[in-house]
Amino acid sequence: VSLNDQSLNYRELIFARQLIRLHRTIADLPERDRLTPILSAIADLPGNFGALWLEVPDTNDGKTLSAFTRRFQPLLETALREQGKLQDDGPNTNRHLPRLHVFFPDKSSALIGISDPNNSSAALMGIVRQSMPAEAPSRSTLKLAEAIEVFMDRSEQTRLLRSGMTAVDLGAAPGGWIWQLVKRGIRVAAVDNGPMKGVLAKHPLVEHLKQDGFKFAPRKAVDWLVCDMVEKPSKVAKLIEDWFAAGWCKHAIFNLKLPMKQRVAALDSALGGIRARLDEEGINYKMMA
């Protein structure tokens with residue numbers, strides 16, 4: 001897309017992984033010299049850059065391109081530094097300089113664009129890479145880990161996920177999401193008729209309640225509600241709004257299993273329902289998806 005710097009806020013986009021202004025498209029890269037035409041296109045761009053990211057499609061075919069980009073990256077970086085277009089990016093420097101992206105749909109074409117480091121994903125290709133923790137009982141733990149990284153900065157994580165806090169996990173089994181909470185010292189009521197597995201089966205911070213998540217009511221309000229149930233988005237959204245309306249939680253992270261064909265409509269309906277209910281109840285909130 002071609003857009004002005006202020007026209008889109010990356011933090012408000014839901015299905016977009018990255019926000020890049022496209023400047024050049026090169027359709028026929030010669031196999032023996034891809035560097036020259038790419039350097040020529042970049043030379044025409046205004047200003048200098050604080051970082052260079054080479055990106056590929058997140059597909060099986062794209063994965064085969066990553067070996068090529070790893071070899072190509074140092075060649076392009078060296079040439080751009082010699083031209084003065086790329087400045088060394090230290091840990092706290094050049095946050096004001098735009099980031100240069102070269103996206104390869106395949107080895108014979110390239111899309112060249114620019115992103116604002118403060119208005120785009122901080123992860124290459126917009127994908128927060130997570131490693132599977134050995135002790136976590138299921139891969140679903142990575143979903144909550146990514147949500148925490150995407151929705152909260154470091155200071156918010158420290159302030160909002162503190163040891164001694166309380167949480168309820170609806171649809172908790174086998175405990176992937178709970179693992180993210182107890183490792184931060186948060187006490188969790190695990191609501192699910194299914195069993196907890198591994199270290200969570202007898203964890204001192206976990207109370208397992210064999211109940212229906214849609215009918216469960218906590219004895220007293222908790223800091224966090226988390227929910228990853230295989231259910232219609234509208235039903236989960238209604239559950240979340242009921243919890244906030246009742247004052248049962250302060251914060252929530254929940255997953256909506258969207259239908260393949262009507263993702264946007266289902267999402268708008270679910271989030272719209274939550275907004276309408278919270279507004280009606282006079283509750284101040286910040287919601288991100």
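This is a predicted model: local features need pLDDT of at least 70, side-chain atom pairs count only at pLDDT 80 or more; totals for chains, interfaces and linings use all residues.
Reader: In what order do the five strands of the open sheet follow one another?

Author: The order is β7-β6-β5-β8-β9, and the pairing throughout this open sheet of five strands is parallel. At its edges stand β7 (206-209) and β9 (249-254), and because each has a single partner strand, one side of each is left without a neighbour in the sheet. From one strand to the next, the twist averages 20°.

Reader: Which strands does helix α6 lie across, and at about what angle does the helix run to β9?

Author: Helix α6, made of residues 233-246, lies across β5 (166-170), β8 (222-227) and β9, and its direction makes an angle of about 165° with that of β9.

Reader: Turning to another group of strands, how many bridges join β2 to β3, and how many join β3 to β4?

Author: Between β2 (residues 51-55) and β3 (residues 99-106), which run parallel, there are five bridges, whereas β3 and β4 (residues 109-115) run antiparallel and are joined by six.

Reader: Which residues have the most contacts inside the largest nonpolar core, and which elements each supply at least two of its residues?

Author: This core has 26 residues, and those with the most contacts inside it are I38, I42, L76, V102, F104 and I112. The elements that each supply at least two of its residues are α1 (35-43), β2, α2 (60-83), β3 and β4, and the largest share, six residues, comes from α2.

Reader: Which residues is F104 in contact with, once its neighbours within four places in sequence are left aside?

Author: With those neighbours left aside, the contacts of F104 include L29, I38, L54, L65, F68, F72 and A110. Apart from this core lies another, of 25 residues, among them L160, A172, L181 and V206.

Note on methods: Residues are numbered from 1 along each chain as its sequence is written. Side-chain values use heavy atoms; hydrogens and water are left out. Two strands pair if DSSP finds at least two bridges between them. Helices (H or I, at least four residues) and strands (E, at least two) are DSSP runs, numbered from the N terminus. Axes are lines fitted to C-alpha atoms, for helices over the stretch in contact, and angles run from 0 to 180 degrees between N-to-C directions. Contact means heavy atoms within 4.5 Å. A nonpolar core is a set of buried Ala, Val, Leu, Ile, Met, Phe, Trp, Tyr and Cys residues joined through side-chain atoms within 4.5 Å. Buried means under 20% relative accessible area, exposed over 50%, partly exposed in between (1.4 Å probe, protein chains only).
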